[in-house]
Amino acid sequence: MKKLFAEFFGTFWLVFGGCGSAIFAAGIPNLGIGFVGVAFAFGLAVLTMAYAVGHISGAHFNPAVSIGLWAGGKFEAKDLLGYIIAQVIGAIAAAGVLYLIVSGKADFESVGGFAANGYGELSPDGYNMTSALIAEFILTAFFMLVILGSTYPKAPKGFAGIAIGLALVLIHLISIPITNTSVNPARSLSQALFADGAYLSQVWLFWVAPVAGAVAGGIIHKAFFGKE
């Protein structure tokens, strides 16, 4: 249960910090943090919680990461369902809190896109489904390679959280214009549940592509980099 609570709180912080920065701080005139600020917010959320609870649960905070670690031989199948449920509940709880906050603004009318992920008309810069699939697959695969490589027994000790956090920053810098960046099915589902628009109908892609990419990354690491 301690591990599941760690995954719940870690995923909550990831969604609250990352999506919250996009909702509240990205577009403020003159003072807004923009794409770069949002990218760093996601990376910092993962980095901080990796050191806060990583020693308890391994700091997955992402169903695709849990599945990728299993594919790479670093996580037991019996623990997968519990981790995924805790992550999804944590993400939805964070989205609910974000909704409560944003709906309290004086001129509130609609949550709009609510930092949700999308393609086609729902892509921030108009990228189609194929572009979204390729981007999410490739970025999640390399994210898994960073995670597995930085936590490998022969890797420098104590720096994994930094490498993983910065990798997530880079991923967002690349793909915010394409899909608003998922690489995390729980984060995609949580925002789509509250967003205005057809985001929920596109959530399937943000489960399929990140999970497939994470499995590919896990298998690649196991085959090429995970052996003595």
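This is a predicted model: local features need pLDDT of at least 70, side-chain atom pairs count only at pLDDT 80 or more; totals for chains, interfaces and linings use all residues.

Modeller: Residues are numbered from 1 along each chain as its sequence is written, and side-chain values use heavy atoms, with hydrogens and water left out.

Biologist: How do the axes of helix 5 and helix 8 cross, and what is the handedness?

Modeller: Helices here are DSSP runs (H or I, at least four residues), numbered from the N terminus. The axes of helix 5 (residues 129-150) and helix 8 (residues 205-225), being lines fitted to C-alpha atoms over the stretch in contact, with angles from 0 to 180 degrees between N-to-C directions, come within 7 Å and cross at roughly 40°. Helix 5 is therefore oblique to helix 8, since angles under 35 degrees count as roughly parallel, over 145 as roughly antiparallel, 65 to 115 as roughly perpendicular and the rest as oblique. With the near helix turned clockwise from the far one by less than a right angle, the crossing of helix 5 and helix 8 is right-handed.

Biologist: Which helix gives the most to the lining of the largest pocket?

Modeller: A pocket is an open set of points on a 1 Å grid over the protein atoms alone, where a 1.4 Å probe fits, with protein on both sides within 12 Å along at least five of seven lines, and lining residues have an atom within 4 Å of a point. The largest pocket is lined by 37 residues, with Gly58, Ala59, His60, Leu69 and Ile147 nearest its centre. Helix 1, helix 2, helix 3, helix 5 and helix 6 each supply at least two residues of this lining, and the one that gives the most, with 8 residues, is helix 2.
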